[in-house]
Amino acid sequence: MPPLPFREIFRFYLPLVLTSQMMTLSGPVINIAVGRSADPKLEFAAYWLGFAVHLFVEAPCLIIQQAAATLLAGHRSMRRLFFGALLLGLLGSALSFALGTTPLGDWFFRDVVPTTPRAAALARKVLLVMTPIPVLVSMRGMGNALALVARETPLIARATVTRMVVIACLVGIAVAVGTSSGAIAGAASLVTGLLVETLLVLHGTRKIRRGLRERRDDPDDVPLHYREILRVAAPLMVSSYAWSSVRPLINSILGRLPDPELAQGGFGVVIPLLLVTCSPLWALQNVTLILPGSRADLRRVVRFSAWVTVFFAGLIAIINWTPLRSALLQGVFSLSPEMQKVVAPAMLLIVLEPIFLATRSASQGLLIKARRTGIFAAVSFAKIALMAAVGLALVERFPTLNGVMLGTGLFISGELFDGLFYSLRARSLLLGGVLFPKVAAGKGETP
C-alpha cells in the first residue's frame with residue numbers, strides 16, 4: 001500500500017489543532033476578566049491556584065478519550081466504558097466539592113499548597129464553582145473517543161469552538177457590567193462553556209452510537225473486561241495525575257517564597273500563554289495513535305510532526321522575543337509594573353516547549369497504540385520527585401529569585417524529562433518489531 005498522504009494527515013490533524021487551541025485559549029481569555037478585578041494579584045493567584053488543584057482532581061477523567069479510543073470495539077465495550085467514565089466523573093466532582101466546603105480544604109491550602117489566607121478562601125470558592133467539571137469532562141471524553149475512532153475530528157473542533165465562543169461572550173459580559181470577583185466569573189464561564197461543548201459532542205455522536213447498537217449481535221463484539229480497561233487505563237491515569245499535579249506542586253513551591261501571591265499569580269499568567277501557544281502539538285498524540293498503519297506511514301507522520309514543531313517554535317519566538325510580548329502583558333492583560341517585571345523574563349523560556357512537547361506527544365501516542373503504557377507510571381513518579389527536590393532546594397537556597405521564572409523552568413523541564421524517556425521506549429518498540437513489524441517482501445511492507 002502507498003504511504004499515508006500528507007494531505008490526509010493534515011485533514012485529520014487540523015481540526016484537532018483547532019480543538020486544542022480553543023481549549024487552551026480559554027485560559028488567556030478568562031485572564032482578561034481576572035486582570036480587571038479590583039485586586040488582580042489576588043484574583044490571578046486564587047483562580048489559577050483553584051484551577052490547578054481542580055485539574056489534579058479531574059486527572060483520571062482526562063485520559064478517557066485516549067483509553068476509550070484504544071479499547072472501543074463495539075456496543076458492549078462502549079457501554080462499559082461509558083459507565084466507568086461516569087463513575088470517575090462523579091468521584092472527581094465529589095472531591096472538588098469536599099475541597100471547597102469541608103475541613104479537607106482548610107488542611108489542603110494550609111499544609112499541601114500553602115498560600116495567603118485570602119487567596120486560599122477565594123481559591124476554594126473557585127473549586128466549588130468548578131464542581132460539575134469532572135462529570136462533563138468524562139462524558140466529553142467518551143464522545144470525543146467515538147468521533148476519533150470514526151475519524152470525525154471536525155465534530156470535535158466545532159464543539160470546542162462553540163465552547164470558546166460561549167466563554168468569550170460570558171467573559172465579555174463580566175468585563176462590561178463589572179464583577180466583584182473575576183476569578184468566580186471566570187470559573188462560571190468555564191463550566192458553562194464545557195456544558196455546551198459536552199452536549200454538542202454527545203449529540204453529534206448519536207449516529208455512531210446507534211450504529212454500534214445495531215451491530216451488537218456481532219460475534220466479535222465481546223464484553224470488555226475491567227482488567228483490560230485497567231491494564232491500559234491505570235498507567236495513563238498515573239501519568240495524568242503526574243501531569244496535572246505539576247501545577248499544584250509548583251504552586252506549593254512558590255507558596256514558600258516571600259511574596260506567594262506575586263509568584264503564584266505571575267505563574268498563572270505565563271502557563272496559560274505557554275499552553276495556548278504550544279497546544280497544537282498535543283494533537284500529535286492522536287495523530288500517531290490513530291493514523292499510522294505501517295513504518296512508511298510513521299515516517300510520514302514523523303516528518304509532518306517535525307515541520308509542525310518548527311513552525312510553532314518560530315511563531316512563539318516572534319510573540320515572546322519581540323515587542324509583542326509587552327503589548328500583550330500591558331494592553332491585553334493590564335498587568336501592573338510589579339507583575340510585568342516577573343512575568344516578562346519567564347516568557348522567554350516558552351520557545352523551548354514545542355520541541356519537548358512534540359516529542360512527548362508523538363511518543364505517547366505510539367506507546368498507547370502498542371498498549372505499552374506501563375512506563376508512564378514509573379517516569380511520572382520520577383519526574384515529580386525530581387521537580388520537587390530541585391524546586392524546594394532552589395527556593396531554600398535563593399529565596400529572592402524570580403518565582404515565575406522558577407515555576408516556568410520547572411514546568412518545561414518536566415516536559416523534557418517525559419519526552420526523553422517516552423521517545424527512547426517508543427524507539428525500542430519499533431526496533432523490536434512490536435510496533436509495525438517488518439515482513440517479507442511481497443507479503444506486505446518491505447524492510
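Predicted model: local features only at pLDDT ≥ 70, side-chain atom pairs only at ≥ 80, totals over all residues.
**Entry 1: α8 against α9**

I started with two helices, α8 (residues 153–177) and α9 (residues 182–204). How do they run relative to each other? Their axes come within 8 Å and cross at roughly 155 degrees. Anything over 145 degrees goes down as roughly antiparallel, so α8 and α9 are roughly antiparallel to each other. I also noted the hand of the crossing, which is right-handed.

Then I looked up who touches whom. From α8, the residues in the contact include Leu155, Ala159, Thr160, Val166, Ile167 and Leu170. On the α9 side I found, among them, Ala185, Leu190, Leu194, Val196, Leu200 and Val201. Arg163 of α8 and Glu197 of α9 are part of this contact too. Sorted by type, the contact of α8 with α9 has 13 nonpolar, 6 polar and 2 charged residues.

**Entry 2: α12 against α16**

Next pair: α12 covers residues 260–278, and α16 covers residues 337–347. Their axes come within 9 Å of each other, and the crossing angle is roughly 45 degrees. That angle makes α12 oblique to α16. Again I wrote down the hand: α12 passes α16 in a right-handed crossing.

Which residues of α12 meet α16? They are Leu262, Gly265, Gly266, Val269, Val270 and Leu273. Facing them in α16 are Glu338, Met339, Val342, Val343, Ala346 and Met347. By type, I have 9 nonpolar, 2 polar and 1 charged for the contact of α12 with α16.

Is Leu335 buried or exposed? Its relative accessibility is 6%, so Leu335 counts as buried. Setting aside neighbours within four places in sequence, I found Leu335 in contact with Phe44, Val269, Leu329, Gln330, Gln340 and Val343. Val269 and Val343 were already in my notes, as both take part in the contact between α12 and α16.

**Entry 3: salt bridges**

How many salt bridges does a search of the whole structure find? I got 9, and looked at some of them.

- Arg124 and Asp106 meet through their side chains at 2.3 Å, N to O. The pair links distant parts of the chain, with Arg124 in α6 (residues 117–129) and Asp106 in α5 (residues 103–112), 18 residues apart. Arg124 has 13% relative accessibility, so I put it down as buried. Asp106 has a relative accessible area of 40% and is therefore partly exposed.
- Asp111 pairs with Arg110, and the closest N and O atoms are 3.3 Å apart. Asp111 is partly exposed at 41% relative accessibility, while Arg110 is exposed with a relative accessible area of 52%.
- Asp418 and Lys383 meet in a salt bridge of 2.8 Å, N to O. Here too the pair links distant parts of the chain: Asp418 is in α19 (residues 403–431) and Lys383 is in α18 (residues 374–397), 35 residues apart. Both Asp418 and Lys383 are buried.

One more thing for this entry: salt bridges link Asp39, Arg118 and Glu261 in a network.

I finished with two single residues. Where is Ser244? I found it in helix α11 (residues 226–254). Its relative accessible area is 0%, so Ser244 is buried. What does Ser244 touch, not counting residues up to four places away in sequence? My list is Ala52, Leu55, Phe56 and Ala59.

Asn320 came last, and I found this residue in helix α14 (residues 295–320). With 3% relative accessibility, Asn320 counts as buried. Leaving out residues up to four places away in sequence, Asn320 touches Arg325, Met347, Leu348 and Ile350.

Technical notes: Residues numbered from 1 in each chain as written. Heavy atoms only, no water. Axes fitted to C-alpha atoms, helices over the stretch in contact; angles between N-to-C directions. Helix = DSSP H or I, 4+ residues; strand = E, 2+ residues; numbered from the N terminus. Parallel < 35°, antiparallel > 145°, perpendicular 65-115°, else oblique. Left-handed = near helix turned anticlockwise from the far one by under 90°. Contact = heavy atoms within 4.5 Å. Nonpolar A, V, L, I, M, F, W, Y, C, P; charged D, E, K, R; others polar. Salt bridge = Lys/Arg side-chain N within 4 Å of Asp/Glu carboxyl O. Buried < 20%, exposed > 50% of the residue type's maximum accessible area, 1.4 Å probe, protein only.
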